[in-house]
Amino acid sequence: MSVRTAILDRVRHAQRTGRIPGAAALSGPPTRGPERPAPPALIERFVGELAALGVESFVESSPDDVHARVKAIVGARSVLAWDARQLPYDVDRVLVGAARGSSPRDVQAAAQIGVTGCDAAIAETGSLVLLSGEGKPRTASLLPPAHLAIVRQTDLCDSMSEFFRERAADIAAAACCTVITGPSRTADIELTLTLGVHGPGEVIVIVGP
Amino acid sequence: MTPTAFVERAEGALADAQLQIALSRATGTLGSRRASAFESLENADAVRDAARAARMNAIANLSGLLERFESKLIANGAHVHWAETAEQANHIVVGIARRTGATRAVKSKSMVSEETHLNEALEQAGVTPIETDLGEYIVQLRHDRPSHIIAPIIHLTRQQVGRVMEERLNVPYTDDTKTLAATARAKLREEFLRADLGISGANFGVADTGSICLVTNEGNGRMVTTMPRVHVVLMGIEKLVASMADLDACLKVLARSGTGQKITVYTTMVRAPRRPGDTDGPEELHVVLLDNGRSRILAGDTAEILGCIRCGACLNVCPVYRNIGGHAYGDTYPGPVGAVVTPGLRGLGPWRELPHASSLCGACRDVCPVRLDIPRMLLALRAAAAADDPQPKSLAWGMKAFGWIASRPALYRAMARVGRLALRARARDGWIGALPGLAGGWTKARDFPAPAARTFQDQWRARGKGRAS
Amino acid sequence: MNAPNHVAQGFSPAEQRFSPAEQRFSPAKPVQLFHTCLVNEVAPEVAMAAVRVLERLGCEVEVPADQTCCGQPAFNAGFHADARQVARHTIGVLERTTGPIVIPSGSCADMIVHQYERLFEEDAAMAARAHAVSARCREFSQFIADCGLRIADSGADAKPSTIRNPQLAMKIAYHPSCHLLRGLGVDRQPKDLIASVDGATPVEVRDQQECCGFGGLFSVKNADISGAMLARKMDAIEASGADRVVSCDLGCLLHIGGGLHRRGSNVRAQHLAEFLDEAAR
């Protein structure tokens with residue numbers, strides 16, 4: 001008998017005899033959240049949550065403003081970015097000499113700021129959702145010490161529950177789905193907070209039109 | 001560690017002044033953060049009910065979920081391995097390492113790998129495991145063991161961290177936390193970039209989609225599951241939920257319970273090796289499903305404990321844990337959850353003392369995000385131990401006598417009278433400062449008042465019927 | 001606003017567990033006092049005080065004959081067969097009576113209310129008898145706070161809130177025993193009763209809900225841990241500036257009081273029944 005069969009047989013038997021309490025039904029089924037708020041409220045909520053996380057954010061009303069903001073934030077830093085066609089608002093036009101997912105690993109690792117779009121943004125928690133895929137290297141939001149994410153208004157959703165519900169197909173098509181909520185942090189040493197171990201210690205978000 | 005030496009380990013912990021300070025501060029901080037996080041959660045009760053339902057339903061239907069999980073993973077291009085024992089699990093991981101020619105493996109936090117002692121097995125096979133969770137990295141440098149499920153070096157001061165880094169990494173001594181963390185970051189970055197093999201645990205597996213969910217704050221989980229060519233997930237079979245909606249319910253309570261955050265910085269859901277067109281991500285994804293006693297737990301009175309989501313909230317609120325810390329519990333999982341899980345995984349015989357290391361206050365049950373009834377399970381284990389092999393034997397005889405005497409009122413009154421007289425004889429100024437035998441444990445820290453000459457029943461009879469004077 | 005944990009979880013206070021019909025007591029029925037073994041043997045004045053308090057409220061108190069113990073020590077130690085033997089006797093003793101059963105101990109009340117049915121899970125007949133007894137049980141403070149007014153409605157005019165005793169102008173710390181707080185969900189009642197005593201100033205105790213470390217046999221089997229928990233509790237009580245610490249469980253009181261005495265502390269540990277009785281004299 002294979003190990004697999006042995007384990008499954010034991011589990012099948014055990015789940016019948018084991019003392020497994022039913023779910024506590026005291027408060028009734030979880031109430032569905034309120035109706036999804038309109039975009040301005042969503043943006044406000046998103047920005048508020050970002051601030052609480054220590055993430056600087058900018059709301060821009062035109063693609064040109066987005067470009068200007070990107071240039072100002074990136075400055076002279078070397079960039080590791082998503083491919084041009086994956087970045088919204090043609091942002092690639094203002095990135096100079098950016099390394100990509102196809103660049104050698106040591107070049108990627110040397111970049112000072114990662115620039116990405118996002119696949120969704122969650123207002124309730126101030127989160128960015130990045131799916132892996134062609135032209136969307138995971139390293140861009142992971143290796144450099146800073147991460148700039150450009151969010152379109154249409155990317156915004158209310159909650160993680162909503163995201164899981166509405167975007168199940170996109171999630172299924174990706175090898176990896178990462179939800180990023182704030183800068184990397186640790187409090188392992190005496191519960192004292194330190195940022196930037198091991199992911200980016202600085203996260204900046206631009207919300208475009 | 002000899003399991004029957006629990007009392008000795010506890011004594012040692014109680015005498016460790018620095019540990020006491022560290023534990024008090026850490027559990028107090030984490031505990032109050034948890035409380036605030038739940039106060040701000042809308043519909044907290046409904047959310048906890050949903051998380052409980054997700055986990056209880058999963059373990060009640062575990063065999064079906066495991067089969068579905070496996071088939072999804074395979075369809076997504078991952079490899080699924082099954083291990084009945086810790087040795088088998090280690091053997092599988094070592095085998096994968098050998099086949100891929102890996103000599104270094106970066107690891108993100110995995111309690112299950114502590115349970116199986118995977119690191120020793122890898123080292124013996126010539127593969128160097130490198131812990132990358134900052135706390136676990138320090139633990140590894142010190143050849144220590146983690147003392148808390150989510151805050152592994154809660155028992156260490158920054159001075160101790162500075163010293164071990166100076167010794168093992170050849171860097172100048174400092175106790176500045178930022179510098180210490182930066183040192184670790186630099187050293188581990190080199191490892192992330194060149195490791196052939198990444199090993200992680202899993203916080204949850206989602207049966208419907210074949211997803212493996214990892215929650216971290218540092219990003220080492222992302223590194224380990226992105227940079228190396230091969231990624232191995234080691235997970236207990238009980239870690240499943242049925243659907244993404246169930247995962248969502250659990251994620252809502254996990255970080256809040258553990259650290260007081262709404263959600264951890266990184267929530268990574270992996271379901272496949274890299275897809276065509278991806279420029280990073282592992283080429284091979286392996287999932288090792290481990291039993292190691294879980295199916296035995298599932299069959300009995302403590303099956304419920306398999307619903308634990310490893311948040312650590314019970315540790316932070318437990319007054320026993322707060323006083324003795326994690327190492328005293330002697331095995332991988334400390335605190336209230338450990339007192340139930342360790343006898344389940346390792347056998348009750350050698351671990352029979354753990355379920356008794358509790359005053360049954362119930363604070364753990366109160367804070368558990370999935371409402372596990374830990375006191376009930378501790379009592380069940382105590383009963384199983386007493387039925388199987390009561391120790392000490394004198395206690396078993398004493399209880400038999402108690403059962404006999406306390407169901408015979410006249411005899412009970414007579415015996416109680418003897419006991420009362422004996423106590424009163426030892427009393428000075430109405431108090432007893434030293435008691436013999438097992439009862440001597442009482443007078444170590446407390447006095448005992450001399451009982452009154454007459455019982456309440458005597459006084460009531462003497463009073464006759466009528467109102468109070 | 002979240003419900004307190006113990007309520008939401010269904011490890012519920014009598015209010016949730018007992019049906020509305022089981023809730024109402026007729027003031028015409030006498031009140032049965034289950035005095036508990038510890039009170040009977042070690043601190044009978046607690047039961048005497050409880051009787052006086054109840055009588056002042058207009059209750060007729062009866063003490064069922066042949067009480068011994070609820071069986072909790074054996075149950076907690078894992079000796080269920082022995083616990084059942086004692087429980088069977090206790091159920092028999094209480095069955096022979098009618099009316100509410102008042103218990104001046106949170107842990108004994110919790111034992112009878114929540115654990116008896118568990119003990120007799122495999123015996124439907126005994127479980128039903130256990131349930132019938134459980135349904136009548138109330139912890140002392142729960143009873144007089146929640147049912148006291150109904151009894152007063154019937155004509156007796158003494159209510160706890162009219163108590164005045166100038167000698168009791170002092171700071172009172174309350175220690176919530178774990179089975180009372182989390183098992184039975186009783187917390188507001190003892191606090192209200194203490195606060196209702198003119199001159200008594202309730203004081204906050206740091207980490208008030210943390211277990212004192214008694215835990216029955218835990219206090220001797222794990223004496224060092226129990227002692228460490230006791231030290232924390234005593235430090236918190238002393239830091240509160242309290243003159244007295246009041247609780248509804250004699251076990252906790254012997255443990256805390258015994259520790260305070262060992263320390264040479266001026267803080268006195270007192271059962272709520274004695275406190276309320278003293279307040280009325």
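Me: Which residue stands opposite A:T178 in β9(B)?
Reply: Welcome to this predicted model! Look at strand β9(B), and find the place across from A:T178. The residue standing there is B:T268.

Me: In which sense do β8(A) and β9 of chain B pair?
Reply: Strand β9 of chain B covers residues 266-270. Over five bridges, β8(A) pairs with this strand, and the sense is antiparallel.

Me: How many residues does the contact take from chain A and from chain B?
Reply: Here, two residues are in contact if their C-beta atoms lie within 7 Å. Counted in this way, chain B gives 80 residues, and chain A gives 62 residues.

Me: How many residues of domain 2 of chain C are in contact with domain 1 of chain C?
Reply: The domain assignment of chain C gives domain 1 as 5-153 and domain 2 as 160-280. Domain 1 brings 37 residues to the contact. From domain 2, the number is 27.

Me: How many nonpolar residues has the side of domain 1 of chain C that touches domain 2 of chain C?
Reply: Elements giving two or more residues to this side include α5 (44-56) and α8 (106-119) of chain C. By class, this side has six charged and 11 polar residues. Its nonpolar residues number 20.

Methods: Residues numbered from 1 in each chain as written. Chains lettered and ligands numbered in written order. Predicted model: local features only at pLDDT ≥ 70, side-chain atom pairs only at ≥ 80, totals over all residues. Domains from an automatic or database assignment. Helix = DSSP H or I, 4+ residues; strand = E, 2+ residues; numbered from the N terminus. Nonpolar A, V, L, I, M, F, W, Y, C, P; charged D, E, K, R; others polar. Pairing = 2+ DSSP bridges.
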